[in-house]
Amino acid sequence: MNIILIGPPACGKGTQAKLLKDKFNLFHFSTGEALREIASQPTKLGLEIKSHIDKGEFIDDKTIIELVKNKLNEIESQNATFDGVLFDGFPRTVFQANALKNLMDIDFVIEISIQKETMTKRILDRVSCKNCGKSYLLSQMKEKTCSVCGGEIIKRNDDNETVAYARYDDYLTKTFPIIEFYKNHKGYHKVDGEKSANEIFDDICKIIE
Ligand code: ADP
């Protein structure tokens, strides 16, 4: 079962992806996380990707498609026993959606919708573990380290108001059109991202079970 999660920044894609991958034994592929990993290295590509992410700009389609193809080949060559791939943050442009069509069949396309105000509020309050990526709300954090792995809690460079607006604008102009692309897909569904994480998870499970 291959699934795509689509939605604006901070709609909860990452949180839902972590819950879904465990329940359905899926390979969770977050292009954002893969790119942040490359951006943390002092290479030419790393520095270039970091500068785009920090400004809230998309990475070019060619680089993204290559990243996805490499990752899919890697999973295949490892003879992994996953029951499918869960794409989180990909595809983000119509070009990427067309490229994916040639790579694999997708069973479900889940759009998670939220208002711009909700995005801003969540992004300003969002911190995460540098080590395992678990997200926390800054306003509700009691400990200074990750409750799962003890890792350092950090704020993403691109999680500030100015960059969040740039990311939201890119979402509307570049990613929103792929919802039209997928609307006729038999597995397309929209869920309300304003609900709690557990409620959204229940809604998604009802769709795919
Ligand atoms: P969010 O959905 O909260 O904005 P992500 O972790 O999915 O965060 O992505 C972080 C950044 O990585 C994006 O703002 C963008 O710069 C880059 N990025 C991630 N996925 C893609 C993609 N498929 N195409 C282009 N850029 C991407």
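The paragraphs below describe a predicted model.

The sheet comes first. Five strands make up an open sheet with parallel pairing, in the order β2-β3-β1-β4-β8. Its edges are β2 (27–30) and β8 (188–192), each of which pairs on one side only. On average, neighbouring strands of this sheet are turned by 20° against each other, direction ignored. Helix α2 (residues 31–39) packs on the sheet, where it touches β2 and β3 (85–88), and its direction makes about 60° with that of β2. On the β8 side, strand β4 (residues 108–113) runs parallel to β8 and is joined to it by 5 bridges. In this pairing V109 stands opposite Y188 of β8.

Next come the nonpolar cores. The largest has 31 residues, and those with the most contacts inside it are I4, I6, F29, F87, L100 and Y182. At least two residues of this core come from each of β1 (3–6), β2, α2, α3 (44–55), α4 (61–77), β3, α5 (94–101) and α8 (177–182). The largest share, 6 residues, is supplied by α4.

In helix α6 (residues 116–125), the buried residues are T118, M119, T120, I123 and D125. What do the buried residues of α6 pack against? Their partners are β5 (126–129), β6 (135–137) and α7. Helix α7 spans residues 161–175 and contains T175. T175 counts as buried because its relative accessibility is 3%, under the 20% cut-off. Residues up to four places away in sequence aside, T175 touches I6, F58, P91, R92 and D170.

The ligand is the next stop. Around the ligand are 18 residues, of which K13, T31, R36, E57 and G89 come nearest. For G89, a ligand nitrogen is 3.0 Å from a polar backbone atom. For R156, a ligand oxygen is 3.1 Å from an N or O atom in the side chain.

The backbone also has some positions to look at. Most residues other than glycine have a negative phi, and most peptide bonds are trans. The peptide bond from F90 to P91 is cis, with omega near -5°. A10, which is not a glycine, has a positive phi near 65°; A10 is found in the loop between β1 and α1 (13–24). N25 likewise is not a glycine and has a positive phi, of about 50°; N25 lies in the loop between α1 and β2.

How values were computed
Residues are numbered from 1 along each chain as its sequence is written. This is a predicted model: local features need pLDDT of at least 70, side-chain atom pairs count only at pLDDT 80 or more; totals for chains, interfaces and linings use all residues. Side-chain values use heavy atoms; hydrogens and water are left out. Two strands pair if DSSP finds at least two bridges between them. Helices (H or I, at least four residues) and strands (E, at least two) are DSSP runs, numbered from the N terminus. Axes are lines fitted to C-alpha atoms, for helices over the stretch in contact, and angles run from 0 to 180 degrees between N-to-C directions. Contact means heavy atoms within 4.5 Å. A nonpolar core is a set of buried Ala, Val, Leu, Ile, Met, Phe, Trp, Tyr and Cys residues joined through side-chain atoms within 4.5 Å. Buried means under 20% relative accessible area, exposed over 50%, partly exposed in between (1.4 Å probe, protein chains only). A residue is near a molecule or strand if one of its heavy atoms lies within 4 Å of it. A polar contact is a pair of N or O atoms within 3.5 Å; within protein, one must be able to donate a hydrogen and the other to accept it, and residues adjacent in sequence count only if both atoms are side-chain atoms.
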